[in-house]
Amino acid sequence: MDKHLHRSFHALGDATRLAVVEQLLKGPASVSDLAGPHDMALPAFTKHLRVLEGAGLITSEKKGRVRTCFIQAPAMRDLHGWFTLRQRLWDARLDNLAAFVEDKGKG
């Protein structure tokens, strides 16, 4: 697995970071809006954002006193592509198994 996917899966392996990504899939949000539902101090929450940014899953920009976070669509497409390939692989394997079982049942 390439390093980019490894970092993405690591970042998404934490419930807080996964919740942040889920929220950002609905649209950009300020750090304070993202932090609101989580019971932790802002410095601890921003560490989660840095992990997500380091994995390339989100970006952020600051305008005035407000930092807004955005989902990175290319990173989401990479993850989707990885899952799609695995799904095709397992679909083919299960189709082969079903055909094998049907053949055994006829003979």
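## Close-up views of a predicted model

**View 1. Leu-12 and the residues around it.** Leu-12 has its place in helix 1. The model shown here and in the views below is predicted. With a relative accessible area of 19%, Leu-12 is buried, given that the cut-off for that class is under 20%. Neighbours within four places in sequence left aside, the contacts of Leu-12 are Leu-18, Val-21, Leu-57 and Leu-79. For Leu-57, the separation along the chain is 45 residues, while the C-alpha atoms of Leu-12 and Leu-57 are 9.2 Å apart in space. Leu-79 is also listed among the buried residues of helix 5.

**View 2. Helix 5 and what covers its buried residues.** Helix 5 runs over residues 73–106 and has 34 residues. An α-helix has 3.6 residues a turn, so residues three or four places apart point the same way. Helix 1 (3–12) is included in what covers the buried residues of helix 5.

View 3. Three aromatic pairs are found in a search of the whole structure. In one of them, the ring centres of Phe-9 and Trp-82 are 4.9 Å apart and the planes stand at 65°, so the pair is edge-to-face. Phe-9 belongs to helix 1 and Trp-82 to helix 5, so this pair ties together parts that are 73 residues apart in sequence. The rings of Trp-82 and Phe-83 also form an edge-to-face pair, because their planes are at 85°, with centres 5.0 Å apart. Phe-9, Trp-82 and Phe-83 together make one aromatic cluster. Phe-9 is partly exposed at 26% relative accessibility, and Phe-83 is partly exposed at 46%.

**View 4. Arg-17, a buried charged residue in helix 2.** Arg-17 is part of helix 2, residues 15–24. Which side chain of opposite charge is nearest to Arg-17? Asp-14 is, at 4.4 Å. A polar atom of the Arg-17 side chain does lie 2.9 Å from the backbone oxygen of Ala-11. Residues up to four places away in sequence not counted, Arg-17 touches His-10, Ala-11, His-48, Val-51 and Leu-52.

**View 5. The salt bridge between Lys-63 and Glu-61.** How many salt bridges does a search of the whole structure find? The search finds one. Lys-63 forms a salt bridge with Glu-61, and the closest N and O atoms are 3.7 Å apart. Lys-63 is exposed, at a relative accessible area of 62%. Glu-61 counts as partly exposed, with 36% relative accessibility.

**View 6. Ser-30 in strand 1.** Strand 1 covers residues 29–30 and contains Ser-30. Is Ser-30 buried or exposed? Ser-30 counts as buried, at 12% relative accessibility. A polar atom of the Ser-30 side chain lies 3.1 Å from the backbone nitrogen of Asp-33. Apart from neighbours within four places in sequence, Ser-30 is in contact with Val-66, Arg-67 and Thr-68.

**View 7. Ile-71 in strand 3.** Ile-71 is in strand 3, which covers residues 66–71. The relative accessible area of Ile-71 is 22%, and the residue is partly exposed. Where neighbours within four places in sequence are left aside, Ile-71 is in contact with Val-21, Leu-24, Leu-25, Leu-57, Ile-58 and Met-76. Ile-71 and Glu-22 are 49 residues apart in sequence, with their C-alpha atoms 9.4 Å apart in space. Val-21 and Leu-57 are also among the contacts of Leu-12 in View 1.

**View 8. Ala-35 in helix 3.** Helix 3 is made of residues 31–35 and includes Ala-35. Ala-35 is buried, with 13% relative accessible area. Residues up to four places away in sequence not counted, Ala-35 touches Leu-42 and Phe-45. Between Ala-35 and Lys-3, which are 32 residues apart along the chain, the C-alpha atoms are separated by 28 Å.

Technical notes: Residues numbered from 1 in each chain as written. Predicted model: local features only at pLDDT ≥ 70, side-chain atom pairs only at ≥ 80, totals over all residues. Heavy atoms only, no water. Salt bridge = Lys/Arg side-chain N within 4 Å of Asp/Glu carboxyl O. Buried < 20%, exposed > 50% of the residue type's maximum accessible area, 1.4 Å probe, protein only. Helix = DSSP H or I, 4+ residues; strand = E, 2+ residues; numbered from the N terminus. Polar contact = N/O pair within 3.5 Å; in protein donor to acceptor, adjacent residues only side chain to side chain. Contact = heavy atoms within 4.5 Å. Expected span 1.5 Å × (residues − 1). Lys, Arg positive; Asp, Glu negative; His and termini not counted. Phe/Tyr/Trp six-rings, centres within 6.5 Å; stacked < 30°, edge-to-face > 60°.
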